[in-house]
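This report describes selected packing features of one protein chain. Please consult the sequence and the model while reading.

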Amino acid sequence: MDVIEPGGQGRSERVHRLGRRPPAAEREWGSITGRPGFGEVLRGHRRAARLTLERLAEASGVSARTLSDMERGRSKGPQHRTVTALADALSLDGEARAELVELARDGRLRDHWTRPSGLCELPRSVADFTGHAAELAWMGDLLHAESSPGVGVVGLITGSAGLGKTTFAVRAAHSVRASFPDGVLFLDLFGMSQQPLGAGDALRFLLRALGVTDQHVPGDIQERASLYRSLLRDKRVLVLLDNAASEEQVRPLLSGGGASRTLITTRRLLAGLEGVRRLVLGPLPAPESLELLTGILGERAASDEESALARLAELCGGLPLALRIIANRLVSRPEWDAAELAARLANEERRLEQFTAGDLKIANAFGMSYEQLADSARRLFRRLAVTPGRDFDAALTAVAGGVPIEDAWDALDDLVDLGLLQDSSAGRYRFHDLVRLFARERLQEEEPPGGREAVTERVTPWLLRMATMSGRWFEPGYGIPDRADPGLSVPSSEEEADGWLRVNADNWLGAMRAAADGGRHSLVLDCAESMHWFSERWVHSPHWHEVFTLGAESAAALGDLEQQATQLNYLAWVHSVPPADPQAMLRYAAEALELAAQGGAKAQIAWSHEYTAGALLLLGRADEAIPLSLRAAETFKALGDMDSYVQTLANVANCLRDEGRYAEALRQFRTALALMDGEASGMTPSVATHSRPFALIRIGQCLGHLGRRGEAITTLSEGIALLDTLQVSDFRHAGALETLAVLLSEEGRTGESRRTYALAARVFEAIGDAQAGNRCHALASAAP
């Protein structure tokens with residue numbers, strides 16, 4: 001569609017907003033940039049080589065018609081392979097070849113966003129615009145915002161590629177158009193182009209749109225900006241500056257006060273702009289993603305299963321551009337099935353290439369941001385694709401990039417600024433899923449195979465050594481880990497080690513998988529073994545089954561029967577955590593017993609007995625469990641392992657309690673507690689400290705069963721307080737709180753009981769036990 005501009009003195013110009021431009025537009029752009037266009041340069045090289053269009057077509061394999069379109073400016077940005085074929089046919093090398101390639105790339109960028117001129121008319125909105133209700137309300141607030149004298153109201157919309165910033169801004173501008181009787185102007189600043197529109201040229205376009213004739217547009221940029229501000233001061237105009245490149249580009253385009261408003265969209269943060277109102281556009285939530293997808297599909301959506309469409313929406317990661325591409329592919333191919341396309345997208349190796357529909361390609365959107373980076377930042381960006389987890393910090397970034405951490409910080413700032421990474425206040429960074437695939441594609445294409453392997457070889461061992469050293473903070477036999485490794489920033493306290501292991505769990509577990517696949521079994525086994533004591537602090541983590549399975553498999557590969565039995569016993573423990581699986585416990589403990597017996601590993605034989613006893617107790621067979629726990633206790637005592645001995649005594653007491661033998665259980669628990677408190681007992685102090693609150697909780701429960709509620713409440717409260725000090729919050733903590741709430745209620749202390757039920761509910765919910773959480777919530781709010 002063409003838009004006709006009424007010129008200042010009866011003069012008119014045609015502005016092609018969509019599709020192709022006439023050659024005049026190519027010449028106008030050349031006059032603005034001072035550079036000839038691709039077609040002009042190509043024609044010059046062809047004539048210098050004394051070739052006709054037909055002869056060049058024959059030599060290059062590019063059709064004569066296509067060549068004609070290029071030279072006439074109808075095709076300004078041919079694909080790279082086409083340009084390479086032409087350069088080969090024309091025998092171009094060096095600067096001449098590089099110039100032709102660069103002009104074609106710039107032409108492709110200009111084709112993506114048509115150069116503005118004339119009226120700067122607002123583009124059409126899309127009929128299927130979806131969501132962003134809160135963001136549209138922000139636009140309403142911007143409209144009615146008051147400005148300080150001489151300070152114009154400016155809204156800045158930022159966000160990464162594919163989020164639909166322009167679509168949103170255009171929709172918002174249309175929605176408030178009636179409030180701007182003097183006009184709504186749109187200007188694309190081409191911020192992602194190799195040559196963004198200069199501020200002076202932008203002012204010329206805007207001044208012309210405001211009715212200033214060419215001969216009255218000042219030559220000096222400061223004079224243009226002054227005239228522009230003076231024209232806006234007494235008007236009510238909305239100016240939408242799309243795709244800004246920098247603060248320097250947009251500062252001269254801002255109004256100086258009055259009723260006019262300026263709206264800017266940009267991938268960059270433009271942190272240097274003062275006094276602007278910022279809106280960060282994020283991915284669409286799942287319901288709105290599905291709504292947009294089905295809205296574009298229209299009637300077609302009724303023929304596809306909702307689950308398949310929901311899966312497609314999920315794979316698009318909330319990016320409107322990705323959703324539009326997928327919907328357009330389905331609409332244009334009625335014979336396709338949504339479930340089939342979802343299956344194609346499930347393949348990560350080929351997912352990115354599926355996000356293509358005609359001239360829409362998600363990789364191109366990311367590529368424009370990528371092209372803005374310095375070489376060092378591009379290299380770091382693509383190397384970050386090897387990080388196994390969903391997020392990472394600057395230390396891991398430095399390892400992946402092979403750079404000092406100061407350089408990593410600088411590159412991360414650039415990547416966040418361009419929307420290629422998302423950051424958080426915790427100092428962690430993450431890719432959008434599709435951007436990670438783009439980074440992986442760049443890594444495959446731009447790094448030699450040896451370079452890719454070198455990145456993995458740096459990242460995997462570093463993560464495993466960091467995880468192992470952090471895990472050993474919690475092992476009684478290690479104490480403070482050795483800090484001799486200069487490549488590691490070893491945590492300086494248990495708190496730091498705990499935090500590092502939790503936030504990096506996906507990374508070090510991914511490194512364990514990679515190391516196992518690569519046959520680095522010693523690294524894997526060391527890491528798995530170092531997690532044993534830490535796992536007791538984070539019992540509800542979903543990672544432990546895989547961690548200890550990898551440990552057992554690596555021990556088997558190394559032929560280490562004792563360690564294989566150890567890891568299998570850890571797996572038995574994993575299945576004791578609610579929701580427990582006693583049958584799995586029995587299987588793993590039996591495997592561990594067989595291997596431990598073969599290897600003569602007495603401690604692991606005892607542990608297999610102990611975990612078998614624990615499984616039997618869960619199955620309600622306490623009478624069978626007691627002899628096994630007593631046998632394990634005898635073995636541990638004979639080995640001088642008082643830590644394990646006390647644990648088995650506690651399990652014997654658990655069996656007695658479950659049989660209703662509360663007085664006997666109470667005596668047994670108190671015997672165990674006395675050993676924990678006795679300095680000469682031989683227990684490791686840290687193990688005793690960690691075990692003491694659980695013994696107190698069990699003693700309190702037994703006292704409650706014996707009707708000694710006052711003592712039970714005091715003892716339970718003491719045990720719970722110790723757990724709070726240790727920052728332990730798991731199923732045992734939740735159960736203790738619920739028991740305490742029951743006892744408080746029975747004592748008539750209703751207010752305290754309700755508060756304790758509420759605490760129990762929060763812990764149950766945090767560990768994923770919704771049923772218990774709802775039960776405690778109901779009791780916390782029950783009528784007296």
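In which crossing, left-handed or right-handed, does α29 pass α30? The crossing of α29 past α30 is left-handed. The model discussed here is predicted.

## Helices α29 and α30

Two packed helices are described by the angle between their axes and the distance between the axes. For α29, spanning residues 582-599, and α30, spanning residues 602-618, the angle is about 165° and the axes lie 8 Å apart. Angles over 145 degrees count as roughly antiparallel, and α29 and α30 are therefore roughly antiparallel to each other.

By class, the contact of α29 with α30 holds twelve nonpolar and five polar residues, with no charged ones.

## Helices α30 and α31

Helix α30 also packs with α31 (residues 622-639), at an angle of about 155° and with the axes 8 Å apart. These two helices are therefore roughly antiparallel to each other, and their crossing is left-handed.

On the α30 side, the contact is made by Lys602, Ala603, Ala606, Trp607, His609, Glu610, Thr612, Ala613, Leu616 and Leu617. These residues meet Ala622, Glu624, Ala625, Leu628, Ser629, Arg631, Ala632, Thr635, Phe636 and Leu639 of α31. The contact of α30 with α31 comprises twelve nonpolar, four polar and four charged residues.

In soluble globular proteins, nonpolar side chains tend to be buried together. The largest nonpolar core of this model has 170 residues, of which Leu312, Trp508, Met512, Met531 and Trp544 touch the most other members. Apart from this core lies another, of 30 residues, including Cys120, Leu189, Phe205 and Val250.

What does Trp544 touch, not counting residues up to four places away in sequence? Its contacts are Trp508, Met531, Phe534, Ser535, Trp538, Val539, Leu571, Trp573 and Val574. Trp508 and Met531 are themselves among the core residues that touch the most other members.

## Ser686 in helix α34

Ser686 belongs to helix α34, which covers residues 685-705. With a relative accessible area of 43%, Ser686 is partly exposed. Met676 is ten residues from Ser686 along the chain, and the C-alpha atoms of the two residues are separated by 10.0 Å.

Conventions: Residues are numbered from 1 along each chain as its sequence is written. This is a predicted model: local features need pLDDT of at least 70, side-chain atom pairs count only at pLDDT 80 or more; totals for chains, interfaces and linings use all residues. Side-chain values use heavy atoms; hydrogens and water are left out. Axes are lines fitted to C-alpha atoms, for helices over the stretch in contact, and angles run from 0 to 180 degrees between N-to-C directions. Helices (H or I, at least four residues) and strands (E, at least two) are DSSP runs, numbered from the N terminus. Angles under 35 degrees count as roughly parallel, over 145 as roughly antiparallel, 65 to 115 as roughly perpendicular and the rest as oblique. A crossing is left-handed if the near helix is turned anticlockwise from the far one by less than a right angle, and right-handed if clockwise. Ala, Val, Leu, Ile, Met, Phe, Trp, Tyr, Cys and Pro count as nonpolar, Asp, Glu, Lys and Arg as charged, and the others, Gly among them, as polar. A nonpolar core is a set of buried Ala, Val, Leu, Ile, Met, Phe, Trp, Tyr and Cys residues joined through side-chain atoms within 4.5 Å. Buried means under 20% relative accessible area, exposed over 50%, partly exposed in between (1.4 Å probe, protein chains only). Contact means heavy atoms within 4.5 Å.
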